Amino acid sequence: MGSNASETAQHYAGKVAVVTGASSGIGQALVVQLIASGARVFAVGRDTERLGQLHTLSAAAGDRLITGAFDVQDEAACEQLIQQCVSAFGCLDLLFCNAGQAMKGAFLSASSPQASTAIMRINYDPVVYLSFHALPHLIRSQGHITVTGGIVSHVGLPEFSAYCASKHAVRGFIESLRREVSAQGVSLTLASPDTVRTAVRSNMLDASGKASPLGYGDENAMSPDRCAALILQATQRQKSHVLLSRRAKILNLLQFALPSVLQKMLSGSFERQRKASVAN
């Protein structure tokens, strides 16, 4: 184990964490790595069967792992899961907001604008609900909130307008909240990976909100384990923002340093794809 990994593991030993989106992908990897580091974890998802697999993946967890099926789009459920975690473990040190839904499709291809507003309830509302009910406990523990964003939290990408809007909203909320609670000892991280090999693409929605699975086509996509390890490192170091790929860093830099170049690059790519689609 490298020195960074060892320091990260020591940091989480004994900590109490809530992890949402824990049924698969990045959330599942976060739970497994936190348990391996000696943390106590309240793992939240909607798929009871897949949540049960966490006990197999974290065989040494014992009573340090509790799973619960909750719909984090519901405020009452968010309040309940936080209360159950604190009741079981006595405190709360860490909140990892990882649940979410992706949407891809040109805005004008939608049958109505309703799906674009619905995605806000999926990606934005749970972060607000969970933060509200967790913060009193996190203030007592001088704790930390980490939210999984993405390139879409920083750069407006064509065909992802609604998804980008929901993740930009999360970013604005986190940045503002950080300035309200930092003096009370609570820190916040927005961790933004690039493409990660999870179920997000297979669960993709189109612009009308209908299922539209999307393949990866990129064998170099980051693994959930690698992404989780980077998120835990960023959380340990109390990073405000962390972009977890070279492409994300380049696109974020371009939008500030050379916005006209980024505009031409992204809009040109979209227009070429649109014309090719029409031709076919």
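**View A. Phe 160 and Tyr 163 form a buried aromatic pair.** Phe 160 is buried, and Tyr 163 is buried as well, where buried means under 20% relative accessible area, exposed means over 50%, and partly exposed lies in between (1.4 Å probe, protein chains only). This is a predicted model, in which local features need pLDDT of at least 70 and side-chain atom pairs count only at pLDDT 80 or more, while totals for chains, interfaces and linings use all residues. Residues are numbered from 1 along each chain as its sequence is written, and side-chain values use heavy atoms, with hydrogens and water left out.

**View B. Phe 42 and Phe 70 form a tilted pair of rings.** Rings of Phe, Tyr and Trp (its six-membered ring) pair if their centres lie within 6.5 Å, and planes under 30 degrees apart count as stacked, over 60 as edge-to-face and the rest as tilted. By this rule there are three aromatic pairs. In one of them, the ring centres of Phe 42 and Phe 70 are 6.2 Å apart and the planes stand at 40°, so the pair is tilted. Because Phe 42 lies in strand 2 (residues 40-45) and Phe 70 in the loop between strand 3 (65-69) and helix 4, the pair ties together parts that are 28 residues apart in sequence; helices (H or I, at least four residues) and strands (E, at least two) are DSSP runs, numbered from the N terminus. Both Phe 42 and Phe 70 are buried.

**View C. Lys 104 and Glu 159 meet in a salt bridge.** A salt bridge is a side-chain nitrogen of Lys or Arg within 4 Å of a carboxyl oxygen of Asp or Glu, and the whole structure holds three of them. Between Lys 104 and Glu 159 the closest N and O atoms are 3.3 Å apart. Lys 104 lies in the loop between strand 4 (94-97) and helix 5, and Glu 159 in the loop between strand 5 (144-148) and helix 7 (161-181), so the pair ties together parts that are 55 residues apart in sequence. Lys 104 is partly exposed at 25% relative accessibility, and Glu 159 is partly exposed with a relative accessible area of 21%.

View D. Arg 171 is buried, as is Glu 175.
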